[in-house]
Amino acid sequence: ELKDVIEADKTCDLIVFGQHGAGLNTPDLLAFGKHRKSIWVQWWFDLLMTNIGPPLVEQPLYKQWSSTLRAMDLVFVKERGMLAEYKANGIKARWLDQGIPSWIAPAHYDDAPQFDILMFGTASKAYKSRCADVHALAAAGAKVRWIGRPGSAVPRIAGVDMAPWVPVKDLHKEIANAKVVLSVDFRHDLDGYWSDRLWLAMASGAAVLRRSSPGLPVLPIEVYRDSDNLVPVACSLLTNEGRLTDLRLRAADFALGTQTYEHRAAELIEMVQAEGMI
């Protein structure tokens, strides 16, 4: 609530707001912001540029939250390749990835997995690449399980076992029941954008099969280009037990050693300090 922001402003050097409006009344927040003492930053965990093609100023979320974005001393966004466009529109933006909880539980592969592929995330036709890739795998004979978010319009894909979303704390149980986790996001054309889905899967010790994204670092995962070369890459991985084991062993160490919210908080503070704000 705004009263909490006002109280925090009395003693805090830095206040971090979540994405969108952080649940606050925008006019009241902006009015108070004119007299604040603290540094304000906003951290966007997901895409602001949800539509492919239009510039930033024509994006629906930008139109809705542009006044809040401009009121911030610094905004952390996922679109690393678009920072110049943010700057051109009066927004001081820096790239900061989303993190993961450090308490993610590991997947235990005690029994033979029931499925070849696990996909978890929104199941709707708007996720065109995701639907195309799942369809390609199922058509090739892979046993696929898709955990979709509640209320999403689930596409009908033959051969795919659709299931409701599970809490993150239980995700490791689903991951242990599949040989490979498929990681496909809403967009794969923006430098620096990938969902925290990638880190969640890796932190649980999954062997991840990931659609390529610009700027993706070198990771202990298997990467494919697009739907055209997905099936051969997936078949090669699924039949290579040594490779599966190696990826599982290295994935959790990498994710939990570099991608937790504790790591992100330290990065955020370092960037604010580098700007000379605190």
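1. Let's begin with strand E1, residues 14–17, in this predicted model. Ile15 and Phe17 make up the covered face of strand E1, while Leu14 and Val16 sit on the uncovered one. Strand E1 runs parallel to strand E2 (residues 39–43), and 4 bridges join the two.

2. Next, the open sheet. It has 6 strands in the order E7-E6-E5-E8-E9-E10, and the pairing is parallel. Strand E7 (160–164) and strand E10 (222–224) each have a single partner strand, so they stand at the edges, and one side of each is left without a neighbour in the sheet. On average, neighbouring strands in this sheet are turned by 25° against each other, with direction ignored.

3. Strand E6, residues 144–148, is joined to E7 by 5 bridges, and the two run parallel.

4. Strand E9 is worth a look of its own. What covers residues 208–211: are the faces of this strand covered or uncovered? Both are covered. Val208 and Arg210 lie on one side, Leu209 and Arg211 on the other, and all of them are buried. Note that two arginines, Arg210 and Arg211, are among these buried residues. Strand E9 pairs with strand E8 (residues 178–183) in the parallel sense over 3 bridges, and Ser183 stands opposite Arg210 in E9.

5. The largest pocket has a volume of about 430 Å³. It is lined by 24 residues, of which Asp46, Tyr127, Tyr193, Ser195 and Arg197 are the closest to its centre. By residue class, the lining of the largest pocket divides into 11 nonpolar, 6 polar and 7 charged.

6. How many disulfides does the structure hold? The count is 0. As for individual cysteines, Cys131 has a relative accessibility of 13%, and because buried means under 20%, Cys131 counts as buried. Cys235 has a relative accessible area of 40%, which lies between the 20% and 50% cut-offs, so Cys235 is partly exposed.

Definitions and conventions. Residues are numbered from 1 along each chain as its sequence is written. This is a predicted model: local features need pLDDT of at least 70, side-chain atom pairs count only at pLDDT 80 or more; totals for chains, interfaces and linings use all residues. Side-chain values use heavy atoms; hydrogens and water are left out. On a 1 Å grid over the protein atoms alone, a cavity is a set of points where a 1.4 Å probe fits but cannot get out, and a pocket is an open set with protein on both sides within 12 Å along at least five of seven lines; lining residues have an atom within 4 Å of a point. Grid points are joined across faces, edges and corners, and a volume is the space filled by probe spheres set on the points. Ala, Val, Leu, Ile, Met, Phe, Trp, Tyr, Cys and Pro count as nonpolar, Asp, Glu, Lys and Arg as charged, and the others, Gly among them, as polar. A disulfide is a pair of cysteine sulfur atoms within 2.5 Å. Buried means under 20% relative accessible area, exposed over 50%, partly exposed in between (1.4 Å probe, protein chains only). Two strands pair if DSSP finds at least two bridges between them. Axes are lines fitted to C-alpha atoms, for helices over the stretch in contact, and angles run from 0 to 180 degrees between N-to-C directions.
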